Amino acid sequence: FWATWCGPCVGELPNVKKAFDAYHSKGFEIVGISLDQDKGKLESFIHEKGIAWPQSFDGKGWENELAQKYGIQSIPATFLIGKDGKITATDLRGPALEEKLADLLK
């Protein structure tokens, strides 16, 4: 869960991109859930930053249905979900994401 107007989200993007580049071929997928309300701004940002993973966007900001379902109250919020559909880890930032992926995708 993230948004283009979220400073910490934008700051975390290089770490997420690095992890995606390193582990995508080993099965790591990302689905971004954008809390943006302006689809054009989101699409421009995705293009400008070279974000390769799909984005869910409903234009409802904090009222996003998935954000409501998962109780999101601050962003970025991350959930690492295993192949079994169970949450393996949450809120991994910086090198912690890549470290966890290295452990899981040996």
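Modeller: C6 is buried, with a relative accessible area of 5%, where buried means under 20% relative accessible area, exposed means over 50% and partly exposed lies in between, calculated with a 1.4 Å probe on protein chains only. C9 also counts as buried, at 7% relative accessibility. Before going further, please keep in mind that this is a predicted model, in which local features need pLDDT of at least 70 and side-chain atom pairs count only at pLDDT 80 or more, while totals for chains, interfaces and linings use all residues. Residues are numbered from 1 along each chain as its sequence is written, and side-chain values use heavy atoms, with hydrogens and water left out.

C6 and C9 form a disulfide, with 2.4 Å between their sulfur atoms, and the cut-off for such a pair of cysteine sulfur atoms is within 2.5 Å. In general, a disulfide is a covalent bond between the sulfur atoms of two cysteines. The torsion about the S-S bond of C6 and C9 is about 75°, so this disulfide is right-handed. A search of the whole structure finds 1 disulfide.

To place this in the chain, we need its helices and strands, which are DSSP runs numbered from the N terminus (H or I for helices, at least four residues; E for strands, at least two). The protein chain has 4 helices and 4 strands, and along the sequence they follow the pattern α-β-α-β-α-β-β-α. The radius of gyration of the chain is 13 Å, close to the 13 Å that the globule rule gives for 106 residues, so the chain is as compact as a globular protein of that length; the radius is taken over C-alpha atoms, and the rule is 2.2 Å times the number of residues to the power 0.38. Of those 106 residues, 35% count as buried.

Helix α2, residues 39-49, shows how burial can be arranged, for its buried residues are L42, F45 and I46. These residues cover an arc of only 100° around the axis, which puts them on the same side of α2, the arc being that of the directions from the helix axis to the C-beta atoms. An α-helix has 3.6 residues a turn, so residues three or four places apart point the same way. On the other side of α2, H47 and E48 are exposed. The buried residues of α2 pack against α1 (7-23), β1 (32-34) and β2 (55-57), and contact here means heavy atoms within 4.5 Å. Just after α2, G50 takes a positive phi of about 70°.

The largest nonpolar core has 28 residues, and those with the most contacts inside it are F1, F28, I51, W53, I75, L97 and L101; such a core is a set of buried Ala, Val, Leu, Ile, Met, Phe, Trp, Tyr and Cys residues joined through side-chain atoms within 4.5 Å. Helices α1, α2 and α4 (95-104) each supply at least two residues of this core, and the largest share, 6 residues, comes from α1. L101 touches A19, Y23, F28 and L80, not counting residues up to four places away in sequence.

Two further residues deserve attention in the region of α3 (65-69). N64, in the loop between β2 and α3, is buried, with a relative accessible area of 2%. Leaving aside neighbours within four places in sequence, N64 is in contact with I33, S34, L35 and D58. L66 belongs to helix α3 and is partly exposed, at 32% relative accessible area. The C-alpha atoms of L66 and F1 are separated by 8.9 Å, although these residues are 65 residues apart along the chain. With neighbours within four places in sequence again left aside, L66 is in contact with F1, I33 and S56.
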